[in-house]
Amino acid sequence: MAGKRKQHYSGIGGQALLEGVMMRNHDMVACAVRKPTGEIEVEVDEHHPIGEGTIWTKIPLIRGVLAFIDSMIVGFRSINYSSEIYMEDEESKKDPEAEKKENSAVMGISMVIGVVLGLVLFVYLPLLFTDLLSRSIRSQAFLSLIEGLIRIGIFIAYMAVISAMKDMHRMYQYHGAEHKCINCIERGKPLTVQYVAQSTRFHKRCGTSYLFLVMLVSVVLFFFIRVDNRLLRFGLRLLLIPVVAGIAYEILRAAGRSDNLFIRIVSAPGIWLQHLTTKEPDTEMIEAGIRSVEAVFDWKAYLVKEFHYDPAELSHYEKGGFVENDEVSG
């Protein structure tokens, strides 16, 4: 079993939650959240993607837009669930249904504010800055390039500020736990705390990488679309957001299934940014990640199929076994 293994695509993905991890595999979504008592509560739900079974999910670009919207819906529900568990107070006198509606309303408002803030920061401000520079720079091509670089600069600065916030550190640790769990099994290692801990916290299919690809694609696309009126330019950029999101999705999708030179180059900046958005998790965080994976994914059957394990051998690892000198890839 020793030796470096090639990474195999598993199809599972996830997200960091408040004191927990969400994992998704096809139509199944699991949220593993550590309660204030220390117990891990796992909720498994069935979720059918937007447009499931239709031709739209097979058309490049369109499927990316649908996947992005769908991930927002699942992410919103998962964060809402984890916040309910995290804020759980056994002595609370609030009506559970009323409290659930209140949490949903707060999360909904936060999402709207986040979208508006994102449009202002990453779309309108770069346009405003380039308009100011247009008084001294006449080249529209150069201005378009500057606009894109400003957008990327604001994005990196935003990520750096967020990562420096103390309250975000634990969520980023859970983000690291999510990546480590996926990398562990995709590199052919049994899903135990020891092997997960030794796996890398960086993954090409990360949402951070996707967001950076969105920025990068927008630089290239907007370079070829030039109009003089600022409001018209702003409107065009809003209309083209689905196109940008669709192209970025196709690149990220390819990154999850191949490892050629082009994929490594376009994935490198996103991997670098994950130094900001992922942190090394502790044992309890890894345990939550493992519970979440196991709720929706049979990792033992996966290792038997993709890495040709002996099923009998896996019984040793199922109980937390660990081979000290076994090289961990990734």
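The structure is a predicted model, in which local features require pLDDT of at least 70 and side-chain atom pairs count only at pLDDT 80 or more, while totals for chains, interfaces and linings use all residues. Residues are numbered from 1 along each chain as its sequence is written, and side-chain values use heavy atoms, with hydrogens and water left out.

Under the accessibility criterion, Thr-57 is partly exposed, at 30% relative accessibility. Thr-57 lies in the loop between β4 and α1, where helices (H or I, at least four residues) and strands (E, at least two) are DSSP runs numbered from the N terminus. With contact defined as heavy atoms within 4.5 Å, and with neighbours within four places in sequence set aside, Thr-57 meets Ile-50, Gly-51, Glu-52, Arg-63 and Leu-66. The C-alpha atoms of Thr-57 and Ala-67 are 8.4 Å apart, at a separation of 10 residues along the chain.

The protein chain as a whole contains 12 helices and 4 strands. Of its 330 residues, 43% are buried. Among contacts between residues at least 6 apart in sequence, 71% join residues at least 24 apart.

The strands β1-β2-β3-β4, in that order, form an open sheet with antiparallel pairing; two strands are taken to pair if DSSP finds at least two bridges between them. Strands β1 (13-17) and β4 (40-46) stand at the edges with a single partner strand each, so one side of each has no neighbour in the sheet. From one strand to the next, the twist averages 15 degrees; axes are lines fitted to C-alpha atoms, for helices over the stretch in contact, and angles run from 0 to 180 degrees between N-to-C directions. Antiparallel strands β1 and β2 are joined by 5 bridges, and Gln-15 is placed opposite Met-22 in β2. The hairpin of β1 and β2 has 2 residues between the strands, and Glu-19 adopts a positive phi near 55 degrees there. The antiparallel pairing of β2 (residues 20-25) with β3 (residues 28-34) extends over 6 bridges, with Ala-32 in β3 as the bridge partner of Val-21. Helix α1 (residues 62-86) lies across β1, β2, β3 and β4 and runs at about 30 degrees to β3.

Positive phi values also occur in two histidine residues. His-26, in the loop between β2 and β3, has a positive phi of about 60 degrees although it is not a glycine, and is exposed at 62% relative accessibility. His-308, in the loop between α11 (299-307) and α12 (311-318), has a positive phi near 60 degrees and is likewise exposed, at 69% relative accessibility. Most residues other than glycine have a negative phi.

A nonpolar core is defined as a set of buried Ala, Val, Leu, Ile, Met, Phe, Trp, Tyr and Cys residues joined through side-chain atoms within 4.5 Å. The largest such core comprises 40 residues, of which Ile-185, Leu-191, Val-293 and Phe-297 touch the most other members. Helix α4 (residues 166-186) provides the largest share of this core, 7 residues. Beyond residues up to four places away in sequence, Leu-191 touches Cys-181, Cys-184, Ile-185, Val-196, Ile-290, Val-293, Glu-294 and Trp-299.

The whole structure contains 7 aromatic pairs. Rings of Phe, Tyr and Trp (its six-membered ring) pair if their centres lie within 6.5 Å, with planes under 30 degrees apart counted as stacked, over 60 as edge-to-face and the rest as tilted. Tyr-124 and Phe-234 form an edge-to-face pair, because their ring centres are 5.7 Å apart and their planes stand at 90 degrees. This pair links distant parts of the chain, with Tyr-124 in helix α2 (residues 96-133) and Phe-234 in helix α7 (residues 230-239), 110 residues apart. Tyr-124 is partly exposed, with a relative accessible area of 27%. The Tyr-302 and Phe-307 rings are also edge-to-face, with centres 6.1 Å apart and planes at 65 degrees. Tyr-302 is buried at 8% relative accessible area, and Phe-307 is buried at 12% relative accessibility. Phe-122, Phe-155 and Tyr-158 are linked into a cluster by ring pairs.

Technical notes
Buried < 20%, exposed > 50% of the residue type's maximum accessible area, 1.4 Å probe, protein only.
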